[in-house]
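Visitor: I would like to learn how to read aromatic contacts and backbone angles in a model such as this one. Could you take me through them step by step?

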Amino acid sequence: MTANPPGIILVTLLIKLGVIASLASIIARFAHFRRLIFLEERNPKQKLLFAAVLGVPFMMGVLTRLLTHGYAGTELKVGYPGADLSLEGTALAGLLGGSIVGLVVGMMVSLPAVLIGHEHLAAPMAVLYAMVAGTARWLCPDKEEIWKFSPFIDLSLYRSIKRRFKHPAFDWQLLFSLMCVMLEVARMAFGNMAPHQLFFLPSPNPWTKTLIVLATLIGVGLPLRIWNTTRMQRKLEEQERLLMQARVDALISQINPHFLFNTLNTVSSLIRFDPDTARTVLLKLSNILRRRLKTQLHFVPLKQELDFIDDYLDIEVVRFGRDKLQIRKEVEPGTLDVLVPSMILQPLVENAIRHGIAPKVEGGIVTVRASRNNGKLTVEVVDNGVGIPEQRRSEIYESGIGISNVHQRLKVLYGHIFSMKIDSQPVEGITIRFEIPELSTPREAVSVEAAPAT
């Protein structure tokens, strides 16, 4: 192959690094790729998809080099040969996906070189790149080490020396660096022995050869760094989602014992002088607990939530008497299928009864309203009880279990896209109103649960 001036090679190497950084950033934008790099073990279908996502962009780079007449053995044209990343792409595929993925990507990137450029050594060398990278993955004792690979040999050497002093062990980072060096050296050697059969960057200058090898190391390490950033971001999002789910579960578990405790107190007050009524209350309670055990979903249709409230109110009506506690519902039919957070109404209704109606001698009315408007669901729980004293209004969201729990759950699940308002006047009762986005499918509810809260 014709030797080229060092200046041409240096410019080509710089363009090569820019191309691989750009390709790595573009590939990282694909949702399928972000999901696949998050997995360490992949099924055959996932491996093929992974190979396709990696193979197509790197194959286009080889085509770019060939279509600009950058054939093996010809004088380099400034820039275009830098798009050929067949070694780096195949090595990355083998390292991240194993030998099979590496072989598929290797065949994809070598196919244009064989068919268009008649570079017959491209395919056998691609097999070598894939097998070496796949072996490196197999030898890696901890797959997290792959993502820590540094393209700079001096850092690997420093890490190796430091580890040997602390606890002597096999240094995979240094081994893979040497493998990359040997692959580039082998490409140069075979390219010189078989002119026009394999594309490489030729140079008689030892320093230029060193830069070519270093560029190969950086070309493999740079995408790993870029993709690892994407991978860590996805991990953080997953951890944030799990944390949010744990917070919601904790808030729900806070409500259930509170509700159970109050109901058992009601039963204990009835069991001596009215056993039949106590038995009725226990049956209603068992219906509520059975429904709660059947579903662990964070979102349920409003109809199901209202059914739950009916059982709860039956218990409360038994205790207070139908003359003292009246229940009204003003629910638009179109709202019944809208998804709402489970157990979101019961604390509000309980708050209205315990703190609004119960202290009022003559009793009162609790009204539950639901309506839709401009893609929002508005829910109101209104009572005509004693209201909230002026001195307690400023701390209503933080004090107690009911209202503060609902507010915290809505904040965790919806972030800034919800609103909750409490209106109260002494002796006129309380109106608690919250507005949430209208969700009609479980998929929409999952997307809300996965979104980070603000």
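Visitor: Let me begin with a single side chain: is W172 buried or exposed?

Guide: This is a predicted model, in which local features need pLDDT of at least 70 and side-chain atom pairs count only at pLDDT 80 or more, while totals for chains, interfaces and linings use all residues. Residues are numbered from 1 along each chain as its sequence is written, and side-chain values use heavy atoms, with hydrogens and water left out. Buried means under 20% relative accessible area, exposed means over 50%, and partly exposed lies in between, with a 1.4 Å probe and protein chains only. W172 has a relative accessible area of 3%, so W172 is buried, and F176, at 2%, is buried as well.

Visitor: Where do W172 and F176 lie?

Guide: Both belong to helix α9, 4 residues apart, which is about one turn of the helix. Helices (H or I, at least four residues) and strands (E, at least two) are DSSP runs, numbered from the N terminus.

Visitor: How many aromatic pairs does the structure hold, and how are the rings of W172 and F176 arranged?

Guide: A pair of aromatic rings is described by the distance of the centres and the angle of the planes. Rings of Phe, Tyr and Trp (its six-membered ring) pair if their centres lie within 6.5 Å; planes under 30 degrees apart count as stacked, over 60 as edge-to-face and the rest as tilted. The structure holds 5 such pairs. For W172 and F176 the centres are 5.3 Å apart and the planes are at 5°, so this pair is stacked.

Visitor: What is the arrangement of F299 and Y414?

Guide: Their ring centres are 6.2 Å apart with the planes at 90°, so the pair is edge-to-face. This pair links distant parts of the chain, since F299 is in strand β1 (residues 299-301) and Y414 in helix α14 (residues 402-414), 115 residues apart. Both F299 and Y414 are buried.

Visitor: Which residue lies over the face of F50?

Guide: A charge sits over a ring if NZ of Lys or CZ of Arg is within 6 Å of the ring centre and within 35 degrees of the ring normal. R42 lies over the face of F50, at 4.4 Å from the ring centre, and F50 also forms one aromatic cluster with F33 and W227.

Visitor: What is the phi of H118?

Guide: H118 is not a glycine, yet its phi is positive, about 55°; H118 is placed in the loop between α5 (99-115) and α6 (122-139). At 48% relative accessibility, H118 counts as partly exposed.
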